Amino acid sequence: MNTTTPLIEARGINKHFGAVTALEDVNLSLMPGEVLGVVGDNGAGKSTLMKILAGLYPPSRGQLIVQGQPVHFSSPKDARDRGIEMVYQDLALAGNLRIDENIFLGREHTRRLLGVVPIVHHQANMKQAQEHLERLRIQVKSVGQRVEELSGGQRQAVAIARATAFDAKVIIMDEPTAALAIKEVRKVLDLIKDLRTHGIGVILISHRLDDIFYVCDRVMALFHGRNFAEAPLGRTDRNEVIGWIMGNRSQTASAQELDLN
Ligand SMILES: Nc1ncnc2c1ncn2[C@@H]1O[C@H](COP(=O)(O)OP(=O)(O)OP(=O)(O)O)[C@@H](O)[C@H]1O
Ligand SMILES: [Mg+2]
């Protein structure tokens, strides 16, 4: 693993939606094994930037570079083929399918019926899904459970398992803990910490500063579609980051006053 080349870089990204400028000249980079927190007020451009990194939207201007190589993504599949996976806020899981089916959806092992017709090889999928969940230390009763039977935290874990099942290098998570109970939040955050030890880079969007300060190595703030400030976690604090979210670089805003958590 090359630890000096960023896994992914965005340089000078602009994005317009009609007359709306969602992003202006935004830069971002992510190193192997790094967890980067992205914060900003509603409408700051966080999700739009992530959707560009994940191949869902093309940038209006600017460059994406994956492991030193300029890339152009025409679809999320292009990004996925480069090892960039996004866990969407709504998770995009199929509730009526089993855990293993969700993990491999569209990428199943197949075998050939009568040597010709490809059919899904359920046993191979279930075995591999089981091994993958164990590797990530995700606990479920059985991979044969339907996703609709799972708790919010377990669903989030399955979505992360899906994102990491195929050699992902970068996992982008947009508000993964927003809908979770406190106990489940910790599990998801610990799972993110585990990914880091596998050399995966994680970008975490969260409005919850507790999450950011628990799991991230570095935090960057967007404000009105622009880079506003960033720092390694050890060189900033909650009040300063709250200030950034409000568009304030001095350390005057107080957590209690703004009641952000
Ligand atoms: N598909 C779209 N069409 C038109 N405008 C859009 C679209 N997606 C985002 N925008 C606009 O771009 C800006 C940035 O939106 P974005 O969703 O990236 O913000 P965000 O930082 O993720 O906010 P939040 O914290 O509320 O999720 C907003 O002004 C939004 O209205
Ligand atoms: Mg968003």
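Which strands does helix α8 (residues 238-245) lie across? Helix α8 lies across β3 (35-39), β11 (218-223) and β12, and runs at about 25 degrees to β11. Please keep in mind as you look around that this is a predicted model.

- An open sheet is built from 6 strands, ordered β6-β9-β10-β3-β11-β12, with mixed pairing.
- The edges belong to β6 (84-87) and β12 (226-232); each has a single partner strand, so one side of each is left without a neighbour in the sheet.
- From one strand to the next, the twist averages 20 degrees.
- Within the sheet, β9 (residues 170-174) pairs with β10 (residues 201-205) in the parallel sense, over 5 bridges.
- In that pairing, I171 is found opposite V202 in β10.
- Helix α5 (residues 152-164) lies across β6 and β9, and its direction is at about 165 degrees to β6.

**The nonpolar core**

- In soluble globular proteins, nonpolar side chains tend to be buried together.
- Here, the largest nonpolar core counts 71 residues.
- The residues with the most contacts inside this core are L53, V87, I171, I172, I192, V202 and L204.
- L53 is in contact with I8, A10, L64, I84 and I172, once its neighbours within four places in sequence are left aside.

**The shell around ligand 1**

- The residues surrounding ligand 1 are F17, V20, A22, G40, N42, G43, A44, G45, K46, S47 and T48.
- Two or more residues of this shell come from each of β2 (20-30) and α1 (46-53).
- Helix α1 gives the most, with 3 residues.
- Sorted by class, the shell around ligand 1 holds 4 nonpolar, 6 polar and 1 charged residues.

**A look at Q63**

- Q63 belongs to strand β4 (residues 61-66).
- Is Q63 buried or partly exposed? Q63 is partly exposed, because 14 other C-beta atoms lie within 10 Å, whereas a buried residue would need 20 or more.
- Not counting residues up to four places away in sequence, Q63 touches R11, G12 and P70.
- Q63 and A10 are 53 residues apart along the chain, and 5.8 Å separates their C-alpha atoms.

Conventions
Residues are numbered from 1 along each chain as its sequence is written. Chains are lettered from A and ligands numbered from 1 in the order in which they are written. This is a predicted model: local features need pLDDT of at least 70, side-chain atom pairs count only at pLDDT 80 or more; totals for chains, interfaces and linings use all residues. A nonpolar core is a set of buried Ala, Val, Leu, Ile, Met, Phe, Trp, Tyr and Cys residues joined through C-beta atoms within 7 Å. A residue is buried if 20 or more other C-beta atoms lie within 10 Å of its own, exposed if 12 or fewer, and partly exposed in between; C-beta atoms are placed from the backbone. Two residues are in contact if their C-beta atoms, placed from the backbone, lie within 7 Å. A residue is near a molecule or strand if its C-beta atom, placed from the backbone, lies within 6 Å of it. Helices (H or I, at least four residues) and strands (E, at least two) are DSSP runs, numbered from the N terminus. Ala, Val, Leu, Ile, Met, Phe, Trp, Tyr, Cys and Pro count as nonpolar, Asp, Glu, Lys and Arg as charged, and the others, Gly among them, as polar. Two strands pair if DSSP finds at least two bridges between them. Axes are lines fitted to C-alpha atoms, for helices over the stretch in contact, and angles run from 0 to 180 degrees between N-to-C directions.
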